[in-house]
Amino acid sequence: MAEPTPLPEQASVISVGWGRLLFAHTFPDASSVARALLDEKRDQRDIAFYVTDPQLILAEAPQDLFLDPSTTFRLPLATFEPGPAKNPIRVTPIASREELDEVNRIYAAQGMVPLDADDVWRQRGDPRFAYCVARPTGSERILGVALEVDHQRCFDDLLNSSSLWALAVDPQSELPGVGWAIVTAIAERMKSRGRDLLDLSVMQDNDAAIALYEQMGFERVPVLAIKRRNQINEPLFVPTDPTEGYNVYATIIIKEALRRGIAVEPVDRRRGFFRLVHASRRVTCHESLSDLTSAIAFCRCSDKSLTRDVLAEAGLAVPEQLALPPDSGGEPARAFLREHRAVVVKPAVGEQGAGVTVDVRDEAALADAILTARRHDDTVLLERLVEGEDVRVVVINFQVVAAAVRKPPRVSGTGRHTARDLIERLSRRRSAATEGESVIPIDAETERCLRAAGYGLDDVVPAGESVAVRKTANLHTGGTIEDVTPLLSEALRDASQRAARALEIPVVGLDLITPDVGGDRYAVIEANERPGLANHEPQPTAERFIDLLFPHTLSPTPQRRPTAGDPT
């Protein structure tokens, strides 16, 4: 590898963990900016900001550099008035090396480039920049993060300015207003230092962020940036995006295939079908469902009653279950409820949590739940409610690849917003984080859960009060997910692999209920023949899926590479 070109003495450059910020107007000429960008390190993302002559820089390396299609916004700090705090959120500097791992979890969840945490921690005393995190009052949990840069401490800045970068909010945050709190805190800190301006760069199609910035008083300014072409920012300079029209579950697979030189043929973008081609091998996929899953395996998973029977015959722990055919009366269901006291009601065939009611404890709720389930399938299943953590285990090629605890969506009260407002705000954040795949419906089930907590949709939830708004932890209805792969016990790992073999399915998402992911007690409640692989960062789900389909392109490392996103 060639040695990097020495930077000009007067050039201002700072390394911020995901790459370098190059203040282009401090470089002596266009060629020195271009050379610095071409020295970008592997898995780093450099940005040349405040570019004055972009055509001259691009002309130095037209095949390697491109003009970033983002918009710069500027906040005049002299007139900035933050207004009253929207929520009990405090913004503080990073306090420990471990907190940077939590920051990287948020960046991974948002598809952004992760930090070199060790490098950032070593530089924590650098007066030029700092990472700031948002936390709820009274808690150390990190809800969001951003990078602040003080230009006056970087170079002799005639504008007396500062900037904000890499803003990200945990998509699983219950509290609204996290981004507002972070931007406000950084603006106030820079204003207290006597800075006149706060700049930030945002992608031109990020409508939600642009609306926030304009609401806060930011103004568009003609400030440009240049980047080096690389795999992660490829959609910004390639006119045709092979992932266009596909959801996040198909996109993660398509990007991994392209990374390995496997051709992708769109079949039905709207429904998620595509074909992967390498040499003479062709595999058609519907997200993570492929030609390798047989029709028999598919049927065993899609029919929940059949799933249970197959797993029980294999000696795996499953909950008691009662099937109600279309013409069955209500007494068997009532007797099942009396025996088990709390039950789950669900359609025999279905997915994504549709028609499922959890924790039914009285006959009136039972009748309503059965009617709800019958809208999705004529046969309804009653299942003994198993208490414990809801764990999704992804098994690929009969090996556990990822495990995550799923939690039902909850809202956190502010003392000002109604339950409906909080649900709608959380739903918008979940939808934005998952490209529309996760939305909390406001329906009879949501109202039932609120009533159980003592609230109606139009009641104001007291500040700090956390309320579950669904009982199911399905991601498509707003559930959240936390990776627990390193904590999964050998007993649960073995049970998951045995379940996949019993179902004879090469790719499966198993839903287990367990009191302890590190223990040996569990119940398998469902098997999903088309698990979402995009929900399990940082585990290499897409890599292992492509390994299965195209073993001759076997991924050389178990570590996941960044697949999407950009610090801006």
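**Entry 1: cysteines**

I started with Cys449, which is buried, with a relative accessible area of 3%. This is a predicted model, so I kept that in mind throughout. Next I looked up Cys301, and it is buried as well, with a relative accessible area of 3%. How many disulfides does the structure hold? I found 0. For Cys301 the reason is distance: the closest cysteine sulfur, in Cys299, is 9.6 Å away, too far for a bond.

**Entry 2: helices H9 and H10**

Helix H9 covers residues 295-302 and helix H10 covers residues 304-313; their axes lie 5 Å apart at an angle of about 105°. H9 and H10 are therefore roughly perpendicular to each other.

**Entry 3: nonpolar cores**

Which residues touch the most other members of the largest nonpolar core? In this core of 33 residues, they are Trp18, Tyr107, Tyr131, Val149 and Trp165. I then checked where the members come from: E2, E3, H3, H4, E7, E8 and E9 each supply at least two residues. H3 (97-109) gives the largest share, with 4 residues.

Leaving aside neighbours within four places in sequence, its contacts include Val16, Trp18, Pro93, Ile94, Tyr107, Leu115, Val120 and Leu147. Apart from this core I noted another, of 31 residues, with Leu77, Leu175, Val183 and Leu200 among them.

Note on methods: Residues are numbered from 1 along each chain as its sequence is written. This is a predicted model: local features need pLDDT of at least 70, side-chain atom pairs count only at pLDDT 80 or more; totals for chains, interfaces and linings use all residues. Side-chain values use heavy atoms; hydrogens and water are left out. A nonpolar core is a set of buried Ala, Val, Leu, Ile, Met, Phe, Trp, Tyr and Cys residues joined through side-chain atoms within 4.5 Å. Buried means under 20% relative accessible area, exposed over 50%, partly exposed in between (1.4 Å probe, protein chains only). Contact means heavy atoms within 4.5 Å. Axes are lines fitted to C-alpha atoms, for helices over the stretch in contact, and angles run from 0 to 180 degrees between N-to-C directions. Angles under 35 degrees count as roughly parallel, over 145 as roughly antiparallel, 65 to 115 as roughly perpendicular and the rest as oblique. A disulfide is a pair of cysteine sulfur atoms within 2.5 Å.
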